[in-house]
Amino acid sequence: MTNTAAEQWGRTRTYHHSLYPPERIATERKQSVSVCLPARDCAGTVGEIVSALQRLREAGAIDEIVVVDAASRDGTAQIAQRAGARVMQEAELADGWGSDLAPTHPVLGKGDAMWRALPALAGELIVFLDADSEGFSEHFAAGLLGPLVCESGVRFVKAYYRRPFEHDGVCLPEGGGRVNHLMARPALSLLYPELSAVRQPLAGEVAATRELLESVPFATGYGIEIAMLIDVWRAAGLDAIAQVDLDVHRNRHQPLPALSEMARTVLATMLARLEDRALPAPDTPVERPPLAGVPAR
């Protein structure tokens, strides 16, 4: 597939959340929906998110709200439960899935928590959301569900958005998502040009059919988002993927040392999935030869 074809996908499979109000989702959906939020120390945001999702449930757009808690010490589980979510502890999930995955085995990050949660979710359509989003609105979940419910052939939906970056009173409207812009998208365009039109490959907000999610592996740690995108593309094809503009998204920013480790893990995950794909010829700048070998004029 050429970059031109990827751009064509970007034009035909890119949507805006405003196309999918909760009323439309409630009217058109034929499958059950579970919304799952992996959470670690998100007491400041999880209650607001669950309350917004409760309104979607009351409107008939979703059926189940589940928070998978990572033994938070700030009361995240209790706040989520009071707001109306079903709360599960990630370390207690995956019982019966093999001795190496027993409940006493340590959970290896977000992707592992999502994988463990999947068998416990009741829905035929699954929405995974971040639990640390600030100013959460119902359109985050409804927008992700929209293409699954309303667009023919879509089986996997990825969010994209603008992430403001605030530091010492200065706000950069699109200064967030540093690993996404500086490493993930450039590397994706070189290694997997078929996916070069995906605007936010590291977005943690996705929706998919249960059948598709059960057919792909779940990477652990920081690799989950990029691994899932590549694996879904290989399993279902590009036309089964859509992306939805959710406008502005605010959540916690990590310090540069943490971003360095994230970038390393994301790149390693991409390289591990190259398999028999040939590395592209590098698009390098023109180089001048060593002057010692250049004849004097």
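Begin by selecting arginine 24, which is partly exposed at a relative accessible area of 27%. The model is a predicted one, and every value quoted on this tour is computed from it.

The side chains of arginine 24 and glutamate 28 meet in a salt bridge, with a distance of 2.8 Å from N to O. Both residues lie in helix 2, and because they are four residues apart there, about one helical turn separates them. Glutamate 28 is partly exposed, with a relative accessible area of 31%. Side chains of opposite charge can pair when their charged atoms come close.

Now move to arginine 29, in the loop between helix 2 (22-28) and strand 2 (33-39). Is arginine 29 buried or exposed? Its relative accessible area is 18%, and the cut-off for burial is under 20%, so arginine 29 counts as buried.

The next stop is the pair glutamate 90 and arginine 40. These two form a salt bridge in which the closest N and O atoms are 3.9 Å apart. The pair links distant parts of the chain, 50 residues apart: glutamate 90 is in the loop between strand 4 (86-89) and helix 5 (110-117), whereas arginine 40 is in the loop between strand 2 and helix 3 (46-58). Glutamate 90 is buried, at 11% relative accessibility, while arginine 40 is partly exposed, with a relative accessible area of 48%.

Continue to glutamate 138 and arginine 55. Their side chains meet in a salt bridge at 2.7 Å, N to O. This pair, too, links distant parts of the chain: glutamate 138 is in the loop between strand 5 (125-128) and helix 6 (139-150), and arginine 55 is in helix 3, 83 residues apart. Arginine 55 is partly exposed, at 43% relative accessibility.

To complete the survey, display the salt bridges throughout the model: a search of the whole structure finds 13.

How values were computed
Residues are numbered from 1 along each chain as its sequence is written. This is a predicted model: local features need pLDDT of at least 70, side-chain atom pairs count only at pLDDT 80 or more; totals for chains, interfaces and linings use all residues. Side-chain values use heavy atoms; hydrogens and water are left out. Helices (H or I, at least four residues) and strands (E, at least two) are DSSP runs, numbered from the N terminus. Buried means under 20% relative accessible area, exposed over 50%, partly exposed in between (1.4 Å probe, protein chains only). A salt bridge is a side-chain nitrogen of Lys or Arg within 4 Å of a carboxyl oxygen of Asp or Glu.
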